[in-house]
Amino acid sequence: MEENLNKNVPEQEEGIDFMALAKKVWEGRKTVLKCLAVFVVLGLVSAFTMTRVYSVSTVMVPQMNSSRSSSLSSLASLAGFDLGTSNMSGSELSPLVYPQIVSSIPFQLELLHTPLHYAKADTAVSMITYYKDYNKPNVFSYIKKYTIGLPGTIMGLFSKEKPQTTLPGAGVAADNDKPKPIVLTKAEEKMLPVIASSVSLTVDKKEGYLVLSVKGTEPIQTAELALKAQQLLQEEVTRFRTQKAQDQLDYVQARYDEIKKEAESYQTQLAAITDRSQEMLTTRSRIEKDRIQSKYSIASTIYAEMAKQLEQAKMQVKKDTPTITVIKPVTVPTQPANSRAKTLFGWTFFGLVVGCGIVLGKDYYKKFKEKFKEAKEA
């Protein structure tokens, strides 16, 4: 009976013998310490050569200034609902497009050429000027270049330098109304990935707000870059939203100036002929006076109407101008986002894991090699 009960009891699965693993690690402690020393050295090099990074974020809410239905549709689209946005006006710009504006080349070029204050520079300089004239590599940078970055350095020696691209007809007066392709200089092309990784915009579709994140090498420089990106985003959105109304305003303004000049000319002629007719009134002078009076009356009527249209066009531009409400303003960071201690700890921990893995993996490698040999012989 007892034998039957013992047969029904399942055999207990063997667990992990931590004591045996610890014993193996202790026996191979020299290998672990060697591997740990190598990774500690790499961690020190990485910690002392890394660039301090400061982070700034600002939270904004886009305000829709058009019709009520368009506003509701835009806000609903942020929340993930569709209220017939296909019927929206062409002047509407969805906040979901804002990240594309921030990542566009014209936007990034504007930020690259914005003067910022650096500790090494006496005056405000652009990012391109700073990295070219002020940001000199130190000893640890050279060590990193010829250790970790040695493969990239070797490949760079064999790569051919690309010639500077220029547009045909450079130096000749061109038509400013025609669109032209963007030609980047070598310095701009080299710095575009830097600014692309430094400035980013995310849209919270559920809550309906924007988060502008900016990274930099210095606290003041990072805050100024964030303010410029925030201002430039507002300008780009405003330019798109008010383009149609601004074109109408420019047309009305030009017509208004033309009619105003014409009315003043007729007024001057009418005053001159009136002065002459006081000395000697003739039929010819009276007809000429009536003719100029008629032209002046028509010009004055058109001038008054154009003045009304000009005010309406100005009001339309203000009406179409969007606003972005800042919920969380830009503040100067006090602490860097990265830490040398965390970097060193990460490398040390990784070295410890690799060293233990090498020691513990020897037995498994031997077993795998024996099984492979047996399978090959069979």
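**Reading the labels on this model**

Student: What makes Glu258 count as partly exposed?

Tutor: Glu258 has 46% relative accessibility. Partly exposed lies between buried, under 20% relative accessible area, and exposed, over 50% (1.4 Å probe, protein chains only). So Glu258 is partly exposed.

Student: What kind of model is this, and how are residues numbered?

Tutor: This is a predicted model, where local features need pLDDT of at least 70, side-chain atom pairs count only at pLDDT 80 or more, and totals for chains, interfaces and linings use all residues. Residues are numbered from 1 along each chain as its sequence is written, and side-chain values use heavy atoms, leaving out hydrogens and water.

Student: Why is the pair Arg255 and Glu258 called a salt bridge?

Tutor: Their side chains meet at 3.2 Å, N to O. A salt bridge needs a side-chain nitrogen of Lys or Arg within 4 Å of a carboxyl oxygen of Asp or Glu, so this pair qualifies.

Student: How far apart are Arg255 and Glu258 in helix α12?

Tutor: They are 3 residues apart in α12 (residues 243-279), so about one helical turn separates them. An α-helix has 3.6 residues a turn, so residues three or four places apart point the same way. Arg255 is partly exposed at 29%. Asp257 also lies in α12, and is partly exposed at 39%. Its C-alpha atom is 9.7 Å from that of Ala307, 50 residues apart along the chain.

Student: How many salt bridges does a search of the whole structure find?

Tutor: The search finds 3. Another is Glu236 with Arg239, at 3.1 Å, N to O. Both lie in helix α11, 3 residues apart. Glu236 has a relative accessible area of 26%, so it is partly exposed. Arg239, at 47%, is partly exposed too.

Student: What makes Glu110 and Lys228 a salt bridge?

Tutor: Their N to O distance is 3.9 Å, so the pair falls within the limit. It links distant parts of the chain: Glu110 in α6 (residues 105-112) and Lys228 in α11 (residues 219-241), 118 residues apart.

Student: Why is Lys228 called buried?

Tutor: Its relative accessible area is 19%, so Lys228 falls on the buried side of the cut-off. Glu110, at 37%, is partly exposed. Lys228 touches Glu110, Leu111 and Thr114, not counting residues up to four places away in sequence. Contact here means heavy atoms within 4.5 Å.

Student: How do you know that the length of helix α3 agrees with its residue count?

Tutor: Helices are DSSP runs (H or I, at least four residues), numbered from the N terminus. The expected span is 1.5 Å times one less than the number of residues. For the 21 residues of α3 (residues 29-49) that gives 30 Å, and the end C-alpha atoms are 30 Å apart, so the two agree. Buried residues of α3 include Val32, Leu36 and Phe39.

Student: Which residues line the second largest pocket?

Tutor: Ile128, Tyr131, Lys132, Lys186, Ala187, Lys190, Met191 and Val194 line it. The largest share, 5 residues, comes from α10. α7 (127-134) and α10 (186-198) each supply at least two.

Terms used: 1 Å grid on protein atoms, 1.4 Å probe; cavity = no way out; pocket = protein on both sides within 12 Å on 5 of 7 lines; lining within 4 Å.
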